Amino acid sequence: MQQGFFIGDMYCQPHFFQLPLNYQQPNGARIQVFAREVVARDKQHSDLPWLVYLQGGPGFPSPRPDAESGWLKRALKTYRVLLLDQRGTGQSQPVHAQTLSDLTALEQAEYLSHFRADNIVRDAEAIREALGVKQWSLLGQSFGGFCTLHYLSYYPESLTRAYVTGGIPPVSGHADVVYRATYRRLLDKNAAFFRRFPDVQVLCNRIADHLLENEVRLPNGQRFTVEQFQLIGIHLGRSGGDLDLYYQLENAFVDVNGQSELSYSFLNAMLAEQSYQTNPIYAILHESIYCQHEASRWSAHRVRDEFPQCHYQSGRDFCFTGEMVYPWMFEQLETLKPLQEAANMLAEKSDWPALYDASQLAANKVPLAAAVYVEDMYVEFDYSRQVLANMPNSRAWMTNEYEHNGLRADGERILDTLIRMTQEIQDSPHR
């Protein structure tokens, strides 16, 4: 075991676990999964309840604590916190083109099929048992909330409470239905952005036309396209994201010998926006988080045809896209190209196991409090509200104060509110 260390008044202890890649074959291949235990310095040896943080994504590691602030500050007043690097991310055995280069496309697809919420939760259960913890609580942000509902579906006896922020998924229905809703929400965000910064529409058209007319290269040598430029609209679903996006755009062009070119600083920022390059699980498995006994068949790509505003043509208003993933990403983005065939296989995979048990959720006994963001661009509010309405012992804080990243923006207040809500559920005489 690695030695722990202090960050101010927090003690951090790393943990590494060797767990099955495929829980249906427990004696088969194993992978490393990492989790970081965090506890207040003065409570290091206290018998505290545990709180597991389930990160958004899929395909991104748990946050690295650097100060006792935000939601973690509130959590450490009550809990011993476990920051889980979900399988394939962070210090858990990583997934990217380099680590999969020795596998055939078929082997890549088979390997990657084990990195959804069901196996993330199985990892958490294996870790709980390894640590000797009888029960613990969960805090699920975004995709972490999807994992939380899987946990409540299949391992409710392991949980004392559950908190979810911006992450109550639809428990039935095809991904197409989800993307129809999120595309509509995306168009609303675009309209609000261009109303706030009216001059930017002309600038975005200028950038898009320049990309159509010229072969522009990012610092890694990859050709930069209109479709890639549209992807930075993912910012529009975050608090303050519209202003961040505006500032990225305002210095897009630079004059070189009397000719306008896209500046190196702008192109470097555009490359930095492509987190799919370093975190390919997001691109490969994003649509599968909605799949139960059915294939996604590149749902967002197909549904996009129902929204012609999202297909740029010169002379027509420019429109950003959001968190959707597309098959062309595996043709254009350098580190995704080696995974194209596997990604297509997974898009056609129709035997994904169920992620949720509707009957179990309808009989839920674990106190669940969820912050549900009315204008959420990534997780549709109406579907979240409907799911919670059918779950006993759950309460929703429905608010338009925050965007999808509310936990990052005002985490201490949000988690404190959810903790109080679950206590009210616990104390309710009608429970």
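Which residues have the most contacts inside the largest nonpolar core? Before selecting them, note that this is a predicted model, in which local features need pLDDT of at least 70, side-chain atom pairs count only at pLDDT 80 or more, and totals for chains, interfaces and linings use all residues. Residues are numbered from 1 along each chain as its sequence is written, and side-chain values use heavy atoms, without hydrogens and water.

Select Trp136, Phe229, Leu249 and Phe320: these have the most contacts inside the largest core, which has 114 residues. A nonpolar core is a set of buried Ala, Val, Leu, Ile, Met, Phe, Trp, Tyr and Cys residues joined through side-chain atoms within 4.5 Å; buried means under 20% relative accessible area with a 1.4 Å probe, protein chains only. Helix H5 (residues 175-196) gives this core its largest share, eight residues. Helices (H or I, at least four residues) and strands (E, at least two) are DSSP runs, numbered from the N terminus.

Next, display the surroundings of Trp136. Leaving aside neighbours within four places in sequence, its contacts (heavy atoms within 4.5 Å) include Trp50, Leu82, Tyr151 and Arg161.

Now select strand E3 (residues 30-40). Nine of its eleven residues are buried, so E3 is largely enclosed by the rest of the structure. Strand E2 (residues 10-20) runs antiparallel to E3 and is joined to it by eleven bridges; strands pair if DSSP finds at least two bridges between them. Arg30 of E3 is the bridge partner of Pro20. E3 also pairs with strand E5 (residues 80-85), in the antiparallel sense, over five bridges. There, Glu37 stands opposite Leu82 of E5.

Notes. Buried < 20%, exposed > 50% of the residue type's maximum accessible area, 1.4 Å probe, protein only.
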